[in-house]
Amino acid sequence: MLGEITYHSMDVERARGWVNAGYWNDDTFGSIIDRGLRAHPHRAVVIHSATHPYRGTYADVADLARRIAGGLICHGVEPGEPVSLQMP
């Protein structure tokens with residue numbers, strides 16, 4: 001069971017400084033990953049795994065991600081809805 005969550009107040013001046021310095025913006029995690037995959041489509045991706053090894057490129061990974069997203073949409077998941085994955 002999770003303990004009680006304690007929220008802290010936001011230091012507005014510190015947050016403003018991070019925004020002004022460019023550390024905080026409206027980018028999502030997905031958009032950051034997508035931008036990196038598109039910037040270097042031919043870079044190699046190697047996943048060392050005893051059960052599911054993988055070799056491909058950033059472009060291959062981006063294509064797989066789009067196919068997974070399309071599959072989720074076909075099953076009724078709307079863009080912006082949270083999705084949870086469980087890994088062994």
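A salt bridge is a side-chain nitrogen of Lys or Arg within 4 Å of a carboxyl oxygen of Asp or Glu. The model is a predicted one, in which local features need pLDDT of at least 70 and side-chain atom pairs count only at pLDDT 80 or more, while totals for chains, interfaces and linings use all residues. Residues are numbered from 1 along each chain as its sequence is written, and side-chain values use heavy atoms, with hydrogens and water left out.

A search of the whole structure finds 3 salt bridges. One of them joins the side chains of Asp27 and Arg35, with 2.9 Å from N to O.

Another salt bridge links the side chains of Glu13 and Arg16, at 2.6 Å from N to O. Both residues lie in helix H1, 3 residues apart, which is about one turn of the helix. Helices (H or I, at least four residues) and strands (E, at least two) are DSSP runs, numbered from the N terminus. Glu13 counts as exposed because its relative accessibility is 56%, whereas Arg16, with a relative accessible area of 42%, is partly exposed.

Asp34 and Arg38 form a salt bridge as well, and their closest N and O atoms are 2.7 Å apart. The two residues are 4 residues apart in helix H2, so about one helical turn separates them. Asp34 has 27% relative accessibility and so counts as partly exposed. Arg38 is exposed because its relative accessibility is 57%.

Helix H1, residues 12–21, also holds Val12. With 48% relative accessibility, Val12 counts as partly exposed. Val12 belongs to a nonpolar patch on the surface, together with Met10, Trp18, Val19, Tyr23 and Trp24. The accessible area of this patch is about 640 Å² in total. Patches are made of residues with over 30% relative accessible area and no salt bridge; like charges are joined within 9 Å, and nonpolar side chains (Val, Leu, Ile, Met, Phe, Trp, Tyr) within 5 Å. The areas come from the Shrake-Rupley method with a 1.4 Å probe, and for residues only the protein chains shown count as cover.

In the segment before H1 is His8. His8 is exposed because its relative accessible area is 70%. The C-alpha atoms of His8 and Gly70 are separated by 38 Å, and the two residues are 62 residues apart along the chain. Strand E1, residues 44–47, contains Val45. Val45 counts as buried because its relative accessibility is 16%. From Val45 to Gly56, 11 residues apart along the chain, the C-alpha atoms are separated by 5.2 Å.

The pockets come next. On a 1 Å grid over the protein atoms alone, a pocket is an open set of points with protein on both sides within 12 Å along at least five of seven lines, and lining residues have an atom within 4 Å of a point. The largest pocket has a volume of about 690 Å³. It is lined by 17 residues, of which Ala65, Ile68, Leu72, Val83 and Leu85 are the closest to its centre. By class, this lining has 11 nonpolar, 4 polar and 2 charged residues.

The second largest pocket has a volume of about 240 Å³. Among the residues that line it are Thr28, Ile33, Asp34, Val61, Ala62 and Ala65. Two or more residues of this lining come from each of helix H2 (29–39) and helix H3 (58–74). H2 gives the most, with 6 residues. The lining of the second largest pocket divides into 6 nonpolar, 3 polar and 2 charged residues.

Ile33, one of the lining residues of the second largest pocket, is found in helix H2. With 41% relative accessibility, Ile33 counts as partly exposed. Ile33 and Ala62 are 29 residues apart in sequence, and their C-alpha atoms are 9.1 Å apart in space.

Notes: Buried means under 20% relative accessible area, exposed over 50%, partly exposed in between (1.4 Å probe, protein chains only). On a 1 Å grid over the protein atoms alone, a cavity is a set of points where a 1.4 Å probe fits but cannot get out, and a pocket is an open set with protein on both sides within 12 Å along at least five of seven lines; lining residues have an atom within 4 Å of a point. Grid points are joined across faces, edges and corners, and a volume is the space filled by probe spheres set on the points. Ala, Val, Leu, Ile, Met, Phe, Trp, Tyr, Cys and Pro count as nonpolar, Asp, Glu, Lys and Arg as charged, and the others, Gly among them, as polar.
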